[in-house]
Amino acid sequence: MSALVKLTDVSKFYGSIRALEGVSLEVHAGEITCVLGDNGAGKSTLIKIIAGLHQHDAGSFEIEGEETRLGSPREALDRGIATVYQDLAVVPLMPVWRNFFLGSEPTKGFGPLKRLDAARMREITRAELLRMGIDLRDVDQPIGTLSGGERQCVAIARAVYFGAKVLVLDEPTAALGVKQSGVVLKYVAAARDAGLGVVLITHNPHHAYLVGDRFVLLKRGGMAGSHAKSEIALDELTRQMAGGSELDQLSHELARATGPDVIGGKRVATDEG
Amino acid sequence: MSAPATAPAQDTAADRSAHRSHLRRLLGRPELGAVVGAAAVFVFFSTVADSFLQASSLSTVLYASSTIGIMAVPVALLMIGGEFDLSAGVMVTSAALVSSMFSYQMTANVWVGAGVSLLTMLAIGFFNGFVLTRTKLPSFIITLATFLMLTGLNLGFTKLISGTVSTKTIGDMEGFESARAVFASHLTIGGVDLQVTILWWLGLVALATWILLRTRAGNWIFAVGGNSDAARAVGVPVKGTKIGLYMAVAFCAWVSGQHLLMSYDVVQSGEGVGNELLYIIAAVIGGCLMTGGYGSAIGSAVGAFIFGMTSKGIVYAQWDPDWFKFFLGAMLLLATLLNAWVRKRAEASK
């Protein structure tokens with residue numbers, strides 16, 4: 001089976017600035033591909049290309065084996081790629097069910113009597129959220145009253161309901177506590193089990209390793225590594241993610257600069273090599 | 001022993017939480033603060049002014065409410081959509097002037113003038129919305145500019161064409177009687193004389209409520225006011241929605257303007273300045289959030305009703321009408337505080 005989304009040697013330049021160079025990535029149905037990287041590593045540029053906000057300058061972008069160049073987020077949605085952004089595309093003061101269907105509201109009746117099918121909208125929202133394991137007593141409450149994790153889950157459930165084949169999640173756990181993160185990761189796994197291909201962007205290797213099937217590491221716009229889960233252990237992933245050799249260097253420098261053996265600006269003795 | 005004892009306890013807890021949920025939903029209605037305020041104002045003037053409860057007085061109060069209310073409806077929708085329109089007050093006068101002057105100068109049927117006026121107003125509304133969505137400048141600035149330009153045009157054109165600050169009478173022209181019947185007639189229901197504007201007002205409130213709560217457009221209005229970036233990301237036509245809202249304000253300004261013209265058959269070109277704030281006050285008293293995304297058309301009607309009761313109640317109580325502005329200001333402050341408090345209570349827990 002061919003990959004749902006396949007990027008091969010994709011590059012993106014903003015003028016003369018290299019935002020992304022030679023990045024390859026595959027997303028398969030029922031799998032989670034994690035994209036890991038530090039701030040400025042090119043994660044958001046990568047998302048924007050997959051989501052149709054930007055176009056790549058070099059390399060190839062295939063959707064289900066077909067070479068593609070997406071013109072708009074709408075086009076990406078129509079091709080089955082749904083993106084859930086970090087800042088959450090919800091309207092806080094609107095009820096959960098209105099948010100769930102925003103932009104794709106079902107109607108009934110004709111002409112001037114054409115109206116929202118509110119009963120069905122409420123019913124579907126409740127059922128779809130329940131399917132993802134969220135039991136909301138009242139879908140009429142403003143979505144702003146839900147926790148950050150629950151809001152992420154509503155956005156995910158929404159993408160699943162509207163027929164997304166590929167789900168792109170931008171730092172879904174970044175602003176959440178430990179427990180909430182766990183809840184969100186459970187729904188990410190639920191989306192995978194529903195047969196979606198998931199791209200999970202994160203800078204937390206522990207979260208990535210819990211659910212990921214393959215890991216793509218980005219560093220300053222380039223590929224720093226690509227591993228299947230069987231090929232890499234969490235320790236190694238964390239080390240690479242945290243900067244690998246750079247981290248060793250840093251710990252060395254920190255130890256020298258702030259160690260207890262610094263007296264009057266003069267380093268007296270150290271047992272480090 | 002313990003098992004049967006805990007079961008009923010859980011039941012009552014569930015009951016209590018269901019009760020709380022109903023109560024919270026009621027408290028969560030945007031109109032609630034305004035309804036409580038309206039009841040208080042009603043009781044107050046019923047006590048201090050003996051003639052307030054007479055049918056003829058209530059009819060006058062309703063008429064005063066409807067003239068503000070017709071405009072408060074689209075202004076409320078616009079505020080829910082996250083924008084202001086400071087040109088709404090003078091636009092009413094512009095609508096009356098265009099209508100009157102076109103009919104008079106062209107010796108055309110009054111309805112032709114009204115038609116030209118409608119098209120002109122919709123064009124001004126479109127202009128407001130188009131410039132706003134194009135430039136992304138605050139609506140405060142753009143509609144303030146429109147407000148000033150219209151104020152100048154109203155006075156300038158009227159003086160240029162008729163030589164004075166008011167228009168020539170069109171009372172003897174063809175179509176005037178039928179236009180007056182539509183925009184400025186009286187109905188007698190059960191011995192009470194009612195102005196037709198009250199019907200326009202109630203009709204517009206009903207229509208706006210339907211649009212807001214039961215159509216896709218209504219969903220979009222809440223969304224563009226609540227979080228326009230999120231709305232755009234899920235495919236809501238943000239620009240179209242905003243332009244449509246400004247055109248709705250223009251349409252209602254046209255209705256109000258025709259009423260103004262048909263009631264007297266002449267128009268003073270300097271009228272309407274300052275009324276835009278009354279519309280905004282009615283919408284805010286009715287529960288619209290200044291920041292958008294929250295409010296209701298019914299609330300704006302209750303706000304306009306409070307305005308009508310206060311402005312006429314002071315007269316019936318035989319007080320100096322100068323006190324009116326003070327009452328309006330106090331009312332605005334109280335309503336806003338009450339709304340803020342109610343909303344905080346409603347959103348406090350889930």
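Which residues of β10(A) are buried on one side, and which on the other?

## Basis of the model

This is a predicted model, in which local features need pLDDT of at least 70 and side-chain atom pairs count only at pLDDT 80 or more, while totals for chains, interfaces and linings use all residues. Residues are numbered from 1 along each chain as its sequence is written, and chains are lettered from A and ligands numbered from 1 in the order in which they are written.

## Strand β10 of chain A

Both faces of β10(A) are covered, with A:Gly197, A:Val199 and A:Ile201 buried on one side and A:Val198, A:Leu200 and A:Thr202 buried on the other. A residue is buried if 20 or more other C-beta atoms, placed from the backbone, lie within 10 Å of its own, exposed if 12 or fewer do, and partly exposed in between. Because 6 of the 6 residues of this strand (residues 197-202) are buried, β10(A) is largely enclosed by the rest of the structure.

Strands pair if DSSP finds at least two bridges between them. Strand β3 of chain A (residues 32-37) pairs with β10(A) in the parallel sense over 5 bridges, and A:Cys34 stands opposite A:Leu200. Strand β9 of chain A (residues 166-170) also runs parallel to β10(A), joined to it by 5 bridges, and here A:Asp170 has A:Ile201 as its bridge partner. Together with helix α6 (residues 178-193) of chain A, β9(A) and β10(A) make a right-handed β-α-β unit; right-handed means that, with the strands pointing away from the viewer, the path from the first strand over the helix to the second runs clockwise.

## Chain A as a whole

The secondary structure of chain A comes to 9 helices and 14 strands, where helices (H or I, at least four residues) and strands (E, at least two) are DSSP runs numbered from the N terminus. Of its 273 residues, 41% count as buried.

## Where chain B touches chain A

In the interface, 20 residues of chain B are in contact with 21 residues of chain A, contact meaning that C-beta atoms placed from the backbone lie within 7 Å. On the side of chain B, the elements that give two or more residues are α1 (2-27), α9 (216-226) and α10 (228-233), and α9(B) supplies the largest share, 5 residues. That side divides into 8 nonpolar, 7 polar and 5 charged residues, with Ala, Val, Leu, Ile, Met, Phe, Trp, Tyr, Cys and Pro counted as nonpolar, Asp, Glu, Lys and Arg as charged, and the others, Gly among them, as polar.

Key. Contact = placed C-beta atoms within 7 Å.
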